[in-house]
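Try each one before you peek at its solution.

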Amino acid sequence: MDVSEANAECDRVLDEIGSAVIADREFLETVLLGFVGRGHVLMEDVPGTGKTLTARSMATALGLDFSRVQFTPDLLPADITGTHVFNEREREFEFNEGPLFANVVLADEINRAPPKTQSALLEAMEEEQVTVDGDTYELPSPFFVLATQNPVEMEGTFELPEAQVDRFLVKSSIGYPDEAGEEELLHRRLGRSEQSPSVSPVLNQDLVTDLREAPEQVRVDDDLVTYVSAIARATRQDRRVEVGVSPRGTQRLLEATRARAAMVGREYVTPDDVKRVAQPVLAHRVVLTPDARVDEVRKSTVVDAVLDEVPVPTV
């Protein structure tokens, strides 16, 4: 699949998801960017804004298997990876797959799970495999995690370690709809009998595999490589930042930039592509100093400042 075909397929997927989810097109593009860029997505927002509907609609539109895991404080690693069960007829243990064995996995309220369970998900996200009782099992391909967490009711939650947050390609927020969007939501509800809107498959597994390979055809000139590197390095030099973007984050920024170019049907990367993906790719990787947190400095402000400071190459 070339980039022009990738652009057409992405538009079809976004249009289908948009028929069910009341959200900004930019948010839906960011979520799809995480998938096309072969990464994972973290969505943080208050309850009831459509995070679960977004994940389910995306899986359906892409024509992929979907699984949802509600994370709770008593959730064990085996509850998501699967476990060995003794088969009395065959007189041997058999592996029963857990909910991670799906193409698209919604990890709902991931910060409510204990660290052991979060670590099991971490292996699945990075290695696309799970280890149970010393045996390793490959997960389906493609494998895509959409995790959610709520910024309210933080009592009894387990904050994600920085190393795990760094595993997510992008972090985004759906936000509240505007007045017109909320009224449209009500009109849509009046027009159907079921509470959740339906989405039809647009792609299939073969097309999805081709779609994720399209960014590899996108050209990145040397000055754009330097630009991406300079942005990541500048985050480490900001006095408000305790831990800047890691080298892995630099690579993810490059990958997301190529995915963005492919999604819009362009065979080369521009500085605007880098700026478009910088916020969702980099902001959650920045760790602020205690003084900056006291001063209520936002991570997005740091990224904006870096984008303003780093010279933009001419293409």
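The structure holds 17 salt bridges, a salt bridge being a side-chain nitrogen of Lys or Arg within 4 Å of a carboxyl oxygen of Asp or Glu. Before you start, note that this is a predicted model: local features need pLDDT of at least 70, side-chain atom pairs count only at pLDDT 80 or more, and totals for chains, interfaces and linings use all residues. Residues are numbered from 1 along each chain as its sequence is written, and side-chain values use heavy atoms, with hydrogens and water left out.

**Exercise 1.** Work out where arginine 12 and glutamate 9 sit relative to each other, and how exposed each one is.

*Solution.* 
- Step 1: find the pair. The side chains of arginine 12 and glutamate 9 form a salt bridge, with N to O at 2.7 Å.
- Step 2: Helices here are DSSP runs of H or I with at least four residues, strands are runs of E with at least two, and both are numbered from the N terminus.
- Step 3: recall the geometry. An α-helix has 3.6 residues a turn, so residues three or four places apart point the same way.
- Step 4: check exposure. Buried means under 20% relative accessible area, exposed over 50%, and partly exposed in between (1.4 Å probe, protein chains only). Arginine 12 comes out partly exposed at 40%, while glutamate 9 is buried at 14%.

## A charge without a partner

**Exercise 2.** What does the side chain of lysine 51 have around it, given that lysine 51 is buried yet has no salt bridge?

*Solution.* 
- Step 1: locate the residues. Lysine 51 is in helix 3 (residues 51–62), and aspartate 45 is in the loop between strand 1 (41–44) and helix 3.
- Step 2: look for the opposite charge. For lysine 51, the nearest side chain of opposite charge is aspartate 45, 6.0 Å away. In this count Lys and Arg are positive, Asp and Glu negative, and His and the chain ends are left out.
- Step 3: turn it around. Aspartate 45 is also buried without a salt bridge, and its nearest side chain of opposite charge is lysine 51.
- Step 4: A polar atom of the lysine 51 side chain lies 3.4 Å from the backbone oxygen of aspartate 45.
- Step 5: list the neighbours, with contact meaning heavy atoms within 4.5 Å. Beyond four places in sequence, lysine 51 is in contact with Met43, Asp45, Val46, Thr148, Asn150 and Ile174.

**Exercise 3.** Check the length of helix 9, then sort its buried and exposed residues.

*Solution.* 
- Step 1: helix 9 (residues 222–237) has 16 residues, which should span 22 Å at 1.5 Å a residue; the end C-alpha atoms are 23 Å apart, so that agrees. The expected span is 1.5 Å times one less than the number of residues.
- Step 2: the buried residues are Leu224, Tyr227, Val228, Ile231, Ala232, Ala234 and Thr235. They cover an arc of only 155° around the axis, which puts them on the same side of helix 9; the arc is taken from the directions from the helix axis to the C-beta atoms.
- Step 3: on the face turned away from that buried side you find exposed Asp222, Thr226 and Gln237.
- Step 4: the cover over the buried residues includes strand 10 (241–243), helix 10 (247–263), helix 11 (271–282) and helix 13 (299–309).

Conventions
Polar contact = N/O pair within 3.5 Å; in protein donor to acceptor, adjacent residues only side chain to side chain.
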